[in-house]
Amino acid sequence: MTDDEAPHLPAASPQRREELKRNLSEVRQRIADATRSAGRDEEPRLVVVTKFFGVEDLIALAELGVGDVGENREQELHAKVEHLRENRPDLMSVPRRHFIGQIQSKKAKRIARDADVVQSVDRVKLVPLLDDAAAERGEPLEVLVQVDLEQDSHGRGGVAPAGVAELADVIAAAANLRLGGVMAVAPLGEDPRRAFADLARIHGELLREHPDATTMSAGMSGDLEVATQFGATHLRVGSAILGSRPTPR
Ligand SMILES: *Cc1c(COP(=O)(O)O)cnc(C)c1O
């Protein structure tokens, strides 16, 4: 490699950029329409879920004005953060990075360092781990309580509705954490209305004790309209923008 040759950094192709731009504007239109149908003044915030796709897509999305991205695997989040730190320090604070995956206790500290918002806190045991690591930050780390909306079985992660108040109180008492609100995934194979109605009720109860916990993160590619109707403040949209993911092994 000659001196004036650029170092090898991954970059999205012009075609891929066009595709992302088109998908993003379709999703933004869906959100605008859903907001209007719901009679709401303010649109929910879009968190683009970049999991399973390369950091070049994240960078392209940031350049298209995306202000929030979501990741669900600690290793992948960490690799992307390291890449940005070295190559695109201008993108370290925006887009904000949301962690939305299950949290293993031994990974909690690194998640607290790499993410700006941790949406998937589902047990009291994680709180001191996140709180310790967040002490190194200049500002409190925002965390959400993930609620399990499955009716009979244990579902796709989250604390049972009966445990939300206790977990929220423990978070609110932690010196370096800020309780932002709740997050949930609608159970597979059923009407998301029931699930999002439950989440809205649980969020309403939380707000009585913690009036600043205004975030309700709900709604994905397939159900963002329903979530908007039920009051979601944040939507987490992956495949409708990035395309279908390779099936995890
Ligand atoms: C992957 C994922 C999403 C995005 O799902 P899509 O259907 O691709 O939009 C949202 N929330 C969580 C928790 C996820 O893991």
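In which sense do strands S1 and S8 pair, and over how many bridges? The legends below, drawn from a predicted model, begin with that pair.

**View 1. Pairing of strand S1 with strand S8.** Strand S1 (residues 45-49) and strand S8 (residues 234-237) run in the parallel sense and are joined over four bridges. Within this pair, Leu46 stands opposite Leu235 of S8. Strand S1 is mostly covered, with four of its five residues buried.

**View 2. Strand S2 beside strand S1.** Strand S2 (residues 68-71) pairs with S1 in the parallel sense over two bridges. Val48 has Val69 of S2 as its bridge partner, and Val49 stands opposite Gly70 of S2.

**View 3. Strand S3 beside strand S2.** S2 pairs with strand S3 (residues 96-99) in the parallel sense over four bridges. Here Gly70 has His98 of S3 as its bridge partner. The chain crosses from S2 to S3 through helix H3 (residues 74-87), and this β-α-β crossover is right-handed.

View 4. Pro95 lies in the loop between H3 and S3. The peptide bond that leads from Val94 to Pro95 is cis, and its omega is near 5°.

**View 5. The backbone at Phe52.** Phe52 is found in the loop between S1 and H2. Its phi is near 75°, a positive value in a residue other than glycine. Is Phe52 buried, partly exposed or exposed? Phe52 counts as partly exposed because its relative accessibility is 22%, a value that falls between the cut-offs of 20% for buried and 50% for exposed residues.

**View 6. Residues around the ligand.** The shell consists of Val49, Lys51, Ile100, Val185, Met220, Ser221, Arg236, Val237, Gly238, Ser239 and Arg245. By class, five of these residues are nonpolar, three are polar and three are charged. Val49, a member of the shell, is also the residue that stands opposite Gly70 in S2.

View 7. Ser221 contributes a polar side-chain atom that lies 2.5 Å from an oxygen atom of the ligand. On its own the ligand has 390 Å² of accessible area, and the protein covers 88% of this.

**View 8. Gly157 in its loop.** Gly157 is located in the loop between strand S5 (141-146) and helix H6 (164-173). Gly157 counts as buried because its relative accessible area is 6%, which is under the cut-off of 20%. Along the chain Gly157 and Val81 are 76 residues apart, and their C-alpha atoms are separated by 25 Å.

Notes:
Residues numbered from 1 in each chain as written. Predicted model: local features only at pLDDT ≥ 70, side-chain atom pairs only at ≥ 80, totals over all residues. Heavy atoms only, no water. Near = heavy atom within 4 Å. Polar contact = N/O pair within 3.5 Å; in protein donor to acceptor, adjacent residues only side chain to side chain. Areas by Shrake-Rupley, 256 points an atom, 1.4 Å probe, with all protein chains shown as cover. Nonpolar A, V, L, I, M, F, W, Y, C, P; charged D, E, K, R; others polar. Buried < 20%, exposed > 50% of the residue type's maximum accessible area, 1.4 Å probe, protein only. Pairing = 2+ DSSP bridges. Right-handed = clockwise from strand over helix to strand, strands pointing away.
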